[in-house]
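The sequence and the structure are shown first.

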Amino acid sequence: MSNPLKILSIDGGGIRGIIPATVLVEVERLTGRPVAETFDIVAGTSTGGILALALTLPSESSRPAWSARDLVSLYEREGPSIFSRSLHHKIHSAGGLLDERYPSDGLEGAFDEYFGDARLRDALCDVLVTAYEIEQRTTFFFKSASARADERDDYAMRDAALATSAAPTYFQPVKVERGSGRPYLALVDGGVFANNPAMCAYAEALKRDAGTRARGAGAEVLLVSLGTGELTRRLAWERAKDWGLLEWAKPILDVVFDGVGDATDYHLGQLLGRDESYYRFQTELDAASDDMDDASEGNLQRLKQEAEGLVRDNRERLEEACGKLG
């Protein structure tokens with residue numbers, strides 16, 4: 001494979017983002033380079049979108065501001081405050097039934113600290129972050145390439161991070177002002193249509209490739225896709241057969257996120273060939289909770305252990321993929 005476009009895709013999954021962050025620590029070790037200098041395109045949804053933006057954020061010296069190891073620490077340090085709520089909020093929201101489960105203060109504070117005034121155009125490589133516009137009822141993509149081409153599409157990284165992580169029922173939708181007389185954006189987590197954004201990233205690569213290769217030849221790519229842990233909690237038919245709107249309200253989001261992620265993995269495996277041009281690294285959550293908001297100290301440790309097991313069990317495939325990354 002001669003000089004393929006190198007794509008990194010990172011799933012959504014809330015606090016479970018510590019899993020792909022831990023895998024990327026090993027990727028940076030094996031390649032000897034930061035993510036932004038290894039990949040041409042980095043795509044992410046929700047927690048994966050946060051990682052995509054943070055890993056491509058430049059420092060004052062124009063080097064990446066954060067390493068993957070730094071971002072593992074972010075989950076450990078900021079996770080408990082992001083997924084916390086006062087007694088008043090619990091009562092006011094009726095445990096999340098009448099209002100979002102968590103206030104956005106924790107997210108906003110963390111993103112102010114980590115992203116500052118950085119804009120999409122500042123990204124060190126091409127970045128694609130997903131969101132969904134609830135008023136126009138359409139998909140929306142934050143793209144650094146678009147930001148560099150048209151200043152009207154140059155959004156603050158912190159706004160992109162807030163929007164992509166605004167999971168319905170967990171956080172309130174994010175209102176992003178656009179200026180230039182254009183209507184504002186009302187955005188929620190892109191996981192509702194692309195919790196695994198790898199196909200979106202592949203489509204972006206095809207578009208980018210079209211200008212440099214013969215039409216119809218197809219893009220030559222190397223795509224590395226990182227999951228946040230496979231849901232294993234059983235939804236028993238005996239219980240679910242009698243569920244109504246209230247009972248389905250929480251599990252349906254997990255079902256949608258998990259289902260669209262698995263479908264994307266299947267499609268890319270068929271299109272690109274597993275362990276040829278496409279590497280998917282995912283693990284079943286045997287010990288850790290699959291809840292997106294379980295940021296307890298014990299569960300954070302279990303998630304890290306799951307990630308370390310994923311790296312250990314896939315050592316040869318990781319080394320092979322990183323060898324192809326050059």
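## A salt bridge between a strand and a helix

R148 is partly exposed, at 43% relative accessibility; here buried means under 20% relative accessible area, exposed over 50%, and partly exposed in between (1.4 Å probe, protein chains only). The side chain of R148 meets that of D126 in a salt bridge, with 2.3 Å from N to O. A salt bridge is defined as a side-chain nitrogen of Lys or Arg within 4 Å of a carboxyl oxygen of Asp or Glu. D126, with a relative accessible area of 18%, is buried. The two residues are 22 apart and link distant parts of the chain, D126 lying in strand β3 and R148 in helix α7. Helices (H or I, at least four residues) and strands (E, at least two) are DSSP runs, numbered from the N terminus.

## Basis of the description

The model is predicted: local features need pLDDT of at least 70, side-chain atom pairs count only at pLDDT 80 or more, and totals for chains, interfaces and linings use all residues. Residues are numbered from 1 along each chain as its sequence is written, and side-chain values use heavy atoms, with hydrogens and water left out.

## Other salt bridges

The count comes to 19 salt bridges. One of them joins D154 to R119, with the closest N and O atoms 3.8 Å apart. This pair also links distant parts of the chain: D154 is in the loop between α7 (144-149) and α8, and R119 is in the loop between α6 and β3 (126-133), 35 residues away. D154 is buried at 4% relative accessibility, whereas R119 is partly exposed at 29%.

E78 forms a salt bridge with R77, again with 3.8 Å between the closest N and O atoms. E78 counts as buried at 11% relative accessibility, and R77 as partly exposed at 48%. Salt bridges that share partners join E26, R29 and R315 into one network.

In helix α6 (residues 105-115), the buried residues are G106, L107, A110, F111, Y114 and F115. Seen down the axis, they fall within an arc of 125°, so they line one face of α6; the arc is that of the directions from the helix axis to the C-beta atoms. D105 and E113 are exposed on the other side of α6. The buried residues of α6 pack against α3 (47-55), α4 (68-82) and α8 (157-164), where contact means heavy atoms within 4.5 Å. G116, which follows α6, has a positive phi near 55°.

The largest nonpolar core has 77 residues, of which L8, L24, L53, F115 and F142 touch the most other members. Helix α1 gives the most to this core, with seven residues. Such a core is a set of buried Ala, Val, Leu, Ile, Met, Phe, Trp, Tyr and Cys residues joined through side-chain atoms within 4.5 Å. Leaving aside neighbours within four places in sequence, F115 is in contact with I50, L53, A54, L57, M157, R158 and A161.

## Helix α15

The buried residues of helix α15 (residues 315-325) are L318, A321, C322 and L325. They cover an arc of only 95° around the axis, which puts them on the same side of α15. The face turned away from this buried side carries the exposed residues E316 and G323. Cover for the buried residues of α15 includes β1 (5-10), α1 (18-31), α2 (35-38), β7 (221-226), β8 (278-281) and α14 (297-313). G326 follows α15 and has a positive phi, near 80°.
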